[in-house]
Amino acid sequence: MCRRSLIYNIILSKKQYPKCSMKPMSKKFDEAVNIYSPNGHLMQVEYAEAAVRKASTVVGLCTQECIILGAEKRAIDVLQIQRTSYKIKKIDEHIAMTFAGLTADARILANRAQMEAQSHRLNFNSPARVEHIARFLAKLKQNYTQCFGRRPFGVACLVGGFDCDGKPHLFQTDPSGIYHEWMANTTGRMAQTVNEYLTKNLSAISTIPDTLSAMKHVVRALQTATSSDVSFFDIAVLKYKQPIEIVSMDKIKYLTDLIKQETVGYTTRRHFGFI
(Lines give C-alpha, C1' and ligand atoms only; values in the text may rest on other atoms or scores of the structure.)
Protein backbone atom coordinates (compact mmCIF):
# COMPACT_ATOMS: atom_id res chain seq x y z
CA MET A 1 0.00 0.00 0.00
CA CYS A 2 1.40 3.35 -1.00
CA ARG A 3 1.90 6.21 1.44
CA ARG A 4 -0.91 8.24 -0.11
CA SER A 5 -3.43 5.39 0.29
CA LEU A 6 -2.41 4.84 3.91
CA ILE A 7 -2.99 8.52 4.78
CA TYR A 8 -6.36 8.41 2.98
CA ASN A 9 -7.49 5.36 4.98
CA ILE A 10 -6.51 7.00 8.28
CA ILE A 11 -8.50 10.15 7.46
CA LEU A 12 -11.48 8.07 6.38
CA SER A 13 -11.47 6.02 9.62
CA LYS A 14 -11.47 9.21 11.70
CA LYS A 15 -14.53 10.46 9.82
CA GLN A 16 -16.40 7.16 10.32
CA TYR A 17 -15.54 6.86 14.02
CA PRO A 18 -15.46 10.36 15.51
CA LYS A 19 -13.83 10.78 18.87
CA CYS A 20 -16.27 10.41 21.77
CA SER A 21 -17.02 13.74 23.47
CA MET A 22 -16.25 12.86 27.09
CA LYS A 23 -15.51 15.08 30.01
CA PRO A 24 -11.94 15.16 31.22
CA MET A 25 -11.42 13.06 34.31
CA SER A 26 -10.69 16.21 36.32
CA LYS A 27 -14.23 17.43 35.60
CA LYS A 28 -16.04 14.22 36.58
CA PHE A 29 -15.45 14.32 40.33
CA ASP A 30 -18.96 15.68 41.01
CA GLU A 31 -20.77 12.84 39.23
CA ALA A 32 -20.39 10.31 42.06
CA VAL A 33 -20.65 10.73 45.79
CA ASN A 34 -17.53 8.71 46.53
CA ILE A 35 -15.12 10.66 44.30
CA TYR A 36 -13.09 13.47 45.84
CA SER A 37 -12.47 16.67 43.91
CA PRO A 38 -8.85 17.75 43.35
CA ASN A 39 -9.09 20.15 46.31
CA GLY A 40 -10.40 17.46 48.67
CA HIS A 41 -14.17 18.07 48.59
CA LEU A 42 -17.09 15.67 48.15
CA MET A 43 -19.17 17.76 45.79
CA GLN A 44 -22.39 15.77 46.15
CA VAL A 45 -22.30 16.33 49.91
CA GLU A 46 -21.77 20.03 49.37
CA TYR A 47 -24.70 20.09 46.95
CA ALA A 48 -26.86 18.49 49.65
CA GLU A 49 -25.72 21.15 52.13
CA ALA A 50 -26.63 23.81 49.56
CA ALA A 51 -30.14 22.34 49.37
CA VAL A 52 -30.40 22.77 53.15
CA ARG A 53 -29.24 26.39 52.95
CA LYS A 54 -32.03 27.12 50.46
CA ALA A 55 -34.74 25.42 52.53
CA SER A 56 -37.21 26.86 55.02
CA THR A 57 -35.75 27.98 58.35
CA VAL A 58 -36.11 25.88 61.49
CA VAL A 59 -35.21 26.76 65.10
CA GLY A 60 -34.62 24.64 68.18
CA LEU A 61 -34.37 25.84 71.79
CA CYS A 62 -33.41 23.75 74.80
CA THR A 63 -34.24 24.88 78.35
CA GLN A 64 -34.27 23.07 81.67
CA GLU A 65 -38.04 22.83 81.48
CA CYS A 66 -38.83 22.13 77.83
CA ILE A 67 -37.71 21.70 74.25
CA ILE A 68 -39.19 24.16 71.73
CA LEU A 69 -39.02 23.36 68.01
CA GLY A 70 -40.13 25.93 65.47
CA ALA A 71 -40.30 25.71 61.70
CA GLU A 72 -41.06 28.09 58.88
CA LYS A 73 -43.44 26.52 56.41
CA ARG A 74 -44.54 27.66 53.02
CA ALA A 75 -48.07 28.63 52.12
CA ILE A 76 -50.35 25.67 51.53
CA ASP A 77 -53.26 25.43 49.15
CA VAL A 78 -56.70 26.09 50.60
CA LEU A 79 -57.74 22.59 49.53
CA GLN A 80 -54.81 20.90 51.25
CA ILE A 81 -55.25 19.19 54.61
CA GLN A 82 -53.08 21.10 57.06
CA ARG A 83 -51.95 18.14 59.17
CA THR A 84 -50.10 16.69 56.15
CA SER A 85 -47.85 19.76 55.91
CA TYR A 86 -46.42 19.76 59.44
CA LYS A 87 -42.62 19.98 59.51
CA ILE A 88 -42.31 18.68 63.07
CA LYS A 89 -42.25 14.89 63.45
CA LYS A 90 -42.79 12.81 66.56
CA ILE A 91 -40.06 10.17 66.86
CA ASP A 92 -41.06 8.72 70.24
CA GLU A 93 -43.03 9.80 73.28
CA HIS A 94 -40.01 11.80 74.48
CA ILE A 95 -38.30 12.81 71.20
CA ALA A 96 -39.34 15.09 68.33
CA MET A 97 -37.63 16.25 65.16
CA THR A 98 -37.86 19.10 62.70
CA PHE A 99 -35.86 19.58 59.51
CA ALA A 100 -34.68 21.88 56.75
CA GLY A 101 -34.29 20.45 53.27
CA LEU A 102 -36.05 17.94 51.07
CA THR A 103 -39.32 16.88 52.68
CA ALA A 104 -39.31 13.44 51.04
CA ASP A 105 -35.84 12.72 52.42
CA ALA A 106 -36.93 13.91 55.86
CA ARG A 107 -39.91 11.55 55.79
CA ILE A 108 -37.60 8.59 55.19
CA LEU A 109 -35.27 9.66 58.01
CA ALA A 110 -38.18 10.20 60.41
CA ASN A 111 -39.57 6.75 59.62
CA ARG A 112 -36.16 5.12 60.18
CA ALA A 113 -35.72 7.02 63.46
CA GLN A 114 -39.16 5.91 64.64
CA MET A 115 -38.32 2.29 63.84
CA GLU A 116 -35.01 2.60 65.71
CA ALA A 117 -36.76 4.07 68.76
CA GLN A 118 -39.34 1.25 68.77
CA SER A 119 -36.61 -1.36 68.32
CA HIS A 120 -34.69 0.07 71.27
CA ARG A 121 -37.79 -0.15 73.48
CA LEU A 122 -38.39 -3.73 72.39
CA ASN A 123 -34.80 -4.91 72.87
CA PHE A 124 -33.83 -3.02 76.01
CA ASN A 125 -37.22 -2.35 77.62
CA SER A 126 -36.35 1.34 77.96
CA PRO A 127 -36.68 4.44 75.78
CA ALA A 128 -33.74 5.43 73.60
CA ARG A 129 -31.59 8.36 74.63
CA VAL A 130 -31.82 11.48 72.50
CA GLU A 131 -28.16 11.20 71.53
CA HIS A 132 -28.73 7.59 70.43
CA ILE A 133 -31.34 8.73 67.89
CA ALA A 134 -29.18 11.66 66.75
CA ARG A 135 -26.19 9.35 66.31
CA PHE A 136 -28.35 6.83 64.45
CA LEU A 137 -29.50 9.53 61.98
CA ALA A 138 -25.94 10.82 61.57
CA LYS A 139 -24.63 7.32 60.88
CA LEU A 140 -27.39 6.71 58.33
CA LYS A 141 -26.56 9.96 56.55
CA GLN A 142 -22.84 9.22 56.59
CA ASN A 143 -23.42 5.81 54.98
CA TYR A 144 -25.02 7.59 52.03
CA THR A 145 -21.90 9.72 51.49
CA GLN A 146 -19.61 6.79 50.65
CA CYS A 147 -21.78 4.32 48.74
CA PHE A 148 -21.76 4.32 44.95
CA GLY A 149 -25.20 4.58 43.36
CA ARG A 150 -26.71 6.63 46.19
CA ARG A 151 -26.92 10.32 46.93
CA PRO A 152 -26.64 12.10 50.29
CA PHE A 153 -29.79 13.06 52.17
CA GLY A 154 -30.50 16.72 51.46
CA VAL A 155 -31.75 17.32 55.01
CA ALA A 156 -30.45 18.85 58.23
CA CYS A 157 -32.36 17.67 61.30
CA LEU A 158 -32.91 19.21 64.72
CA VAL A 159 -33.62 16.42 67.21
CA GLY A 160 -34.80 17.33 70.71
CA GLY A 161 -36.08 15.40 73.69
CA PHE A 162 -35.58 14.19 77.24
CA ASP A 163 -33.56 11.30 78.57
CA CYS A 164 -34.80 8.99 81.32
CA ASP A 165 -33.17 11.18 83.98
CA GLY A 166 -35.23 14.17 82.84
CA LYS A 167 -32.32 16.05 81.24
CA PRO A 168 -33.20 17.80 77.96
CA HIS A 169 -31.01 17.60 74.86
CA LEU A 170 -31.01 19.25 71.43
CA PHE A 171 -28.92 17.87 68.57
CA GLN A 172 -28.40 18.81 64.94
CA THR A 173 -27.37 16.37 62.21
CA ASP A 174 -26.02 17.55 58.85
CA PRO A 175 -26.05 15.89 55.39
CA SER A 176 -22.39 14.98 55.82
CA GLY A 177 -23.21 12.76 58.80
CA ILE A 178 -21.86 14.86 61.67
CA TYR A 179 -23.91 15.81 64.73
CA HIS A 180 -23.49 18.25 67.61
CA GLU A 181 -25.43 19.16 70.74
CA TRP A 182 -26.72 22.72 71.16
CA MET A 183 -28.44 24.99 73.65
CA ALA A 184 -30.18 26.69 70.72
CA ASN A 185 -29.61 26.34 67.00
CA THR A 186 -31.07 27.02 63.60
CA THR A 187 -30.62 25.92 60.01
CA GLY A 188 -32.16 26.80 56.67
CA ARG A 189 -32.15 29.76 54.30
CA MET A 190 -32.11 32.48 57.00
CA ALA A 191 -29.97 30.57 59.48
CA GLN A 192 -27.33 33.29 59.72
CA THR A 193 -29.87 35.99 60.61
CA VAL A 194 -31.64 33.80 63.15
CA ASN A 195 -28.31 32.69 64.62
CA GLU A 196 -27.38 36.33 65.15
CA TYR A 197 -30.62 36.82 67.11
CA LEU A 198 -29.96 33.73 69.23
CA THR A 199 -26.38 34.76 69.92
CA LYS A 200 -27.40 38.32 70.79
CA ASN A 201 -29.97 37.05 73.30
CA LEU A 202 -27.83 34.23 74.68
CA SER A 203 -27.91 35.52 78.25
CA ALA A 204 -31.71 35.79 78.21
CA ILE A 205 -32.08 32.37 76.57
CA SER A 206 -29.82 30.67 79.11
CA THR A 207 -32.01 31.96 81.99
CA ILE A 208 -35.47 31.47 80.50
CA PRO A 209 -37.91 31.23 83.44
CA ASP A 210 -40.84 29.44 81.80
CA THR A 211 -42.20 27.81 78.66
CA LEU A 212 -44.04 30.93 77.48
CA SER A 213 -40.82 32.96 77.42
CA ALA A 214 -39.07 30.20 75.47
CA MET A 215 -41.88 30.12 72.92
CA LYS A 216 -41.66 33.89 72.50
CA HIS A 217 -37.95 33.63 71.71
CA VAL A 218 -38.65 31.00 69.05
CA VAL A 219 -41.43 33.12 67.52
CA ARG A 220 -39.16 36.18 67.48
CA ALA A 221 -36.43 34.12 65.83
CA LEU A 222 -38.83 32.89 63.15
CA GLN A 223 -40.10 36.43 62.56
CA THR A 224 -36.57 37.48 61.61
CA ALA A 225 -36.67 34.83 58.87
CA THR A 226 -40.17 35.24 57.47
CA SER A 227 -43.30 37.35 57.72
CA SER A 228 -45.24 37.77 60.95
CA ASP A 229 -48.16 35.77 59.54
CA VAL A 230 -48.74 32.92 62.00
CA SER A 231 -49.94 30.64 59.21
CA PHE A 232 -46.28 30.25 58.19
CA PHE A 233 -45.19 28.90 61.60
CA ASP A 234 -45.13 25.42 63.08
CA ILE A 235 -44.19 25.24 66.77
CA ALA A 236 -44.06 22.24 69.07
CA VAL A 237 -43.39 22.02 72.81
CA LEU A 238 -41.96 18.91 74.44
CA LYS A 239 -41.81 18.51 78.22
CA TYR A 240 -40.55 15.72 80.44
CA LYS A 241 -43.04 12.82 80.66
CA GLN A 242 -45.68 14.83 78.82
CA PRO A 243 -47.03 14.30 75.30
CA ILE A 244 -45.72 16.56 72.58
CA GLU A 245 -47.86 19.66 72.04
CA ILE A 246 -48.33 21.14 68.58
CA VAL A 247 -49.06 24.79 69.32
CA SER A 248 -52.31 25.99 67.79
CA MET A 249 -52.54 28.95 65.43
CA ASP A 250 -54.57 30.90 67.99
CA LYS A 251 -51.84 30.52 70.58
CA ILE A 252 -49.13 31.52 68.11
CA LYS A 253 -51.18 34.59 67.18
CA TYR A 254 -51.49 35.44 70.87
CA LEU A 255 -47.71 35.22 71.19
CA THR A 256 -47.14 37.46 68.17
CA ASP A 257 -49.57 40.05 69.57
CA LEU A 258 -47.78 39.88 72.92
CA ILE A 259 -44.43 40.41 71.20
CA LYS A 260 -45.80 43.42 69.31
CA GLN A 261 -47.03 44.97 72.56
CA GLU A 262 -43.67 44.42 74.23
CA THR A 263 -41.86 45.90 71.22
CA VAL A 264 -44.09 48.98 71.19
CA GLY A 265 -43.64 49.42 74.94
CA TYR A 266 -39.86 49.09 74.64
CA THR A 267 -39.75 51.60 71.77
CA THR A 268 -41.88 54.08 73.75
CA ARG A 269 -39.73 53.83 76.88
CA ARG A 270 -36.60 54.24 74.78
CA HIS A 271 -38.08 57.27 73.00
CA PHE A 272 -38.79 59.06 76.27
CA GLY A 273 -35.42 58.17 77.71
CA PHE A 274 -36.50 55.59 80.30
CA ILE A 275 -33.99 53.07 78.91
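Mentor: One term is needed at the outset: a residue is called buried when its relative accessible area is under 20%. Please also keep in mind that this is a predicted model.
Trainee: Which residues of helix 2 are buried?
Mentor: In helix 2, which spans residues 43-53, the buried residues are Met43, Val45, Ala48 and Val52.
Trainee: Changing topic, how many residues are in the largest nonpolar core?
Mentor: That core has 25 residues, and Leu61, Ile68, Leu198 and Ile235 have the most contacts inside it. Among the elements that give two or more residues to this core are strand 1 (58-62), strand 2 (66-72) and strand 9 (233-239).
Trainee: Which element gives the largest share?
Mentor: Helix 7 does, with six residues.
Trainee: What does Ile68 touch?
Mentor: Leaving aside residues up to four places away in sequence, Ile68 touches Val59, Gly60, Leu61, Thr211, Ala214, Met215, Val218, Ile235, Ala236 and Val237. Another core, of 21 residues, lies apart from the largest one and includes Ile95, Ala134, Phe136 and Val155.
Trainee: What about Thr256, buried or exposed?
Mentor: Thr256 counts as buried because its relative accessibility is 3%, below the 20% cut-off. This residue lies in helix 8.

Methods
Residues numbered from 1 in each chain as written. Predicted model: local features only at pLDDT ≥ 70, side-chain atom pairs only at ≥ 80, totals over all residues. Heavy atoms only, no water. Core = buried A, V, L, I, M, F, W, Y, C linked by side-chain atoms within 4.5 Å. Buried < 20%, exposed > 50% of the residue type's maximum accessible area, 1.4 Å probe, protein only. Helix = DSSP H or I, 4+ residues; strand = E, 2+ residues; numbered from the N terminus. Contact = heavy atoms within 4.5 Å.
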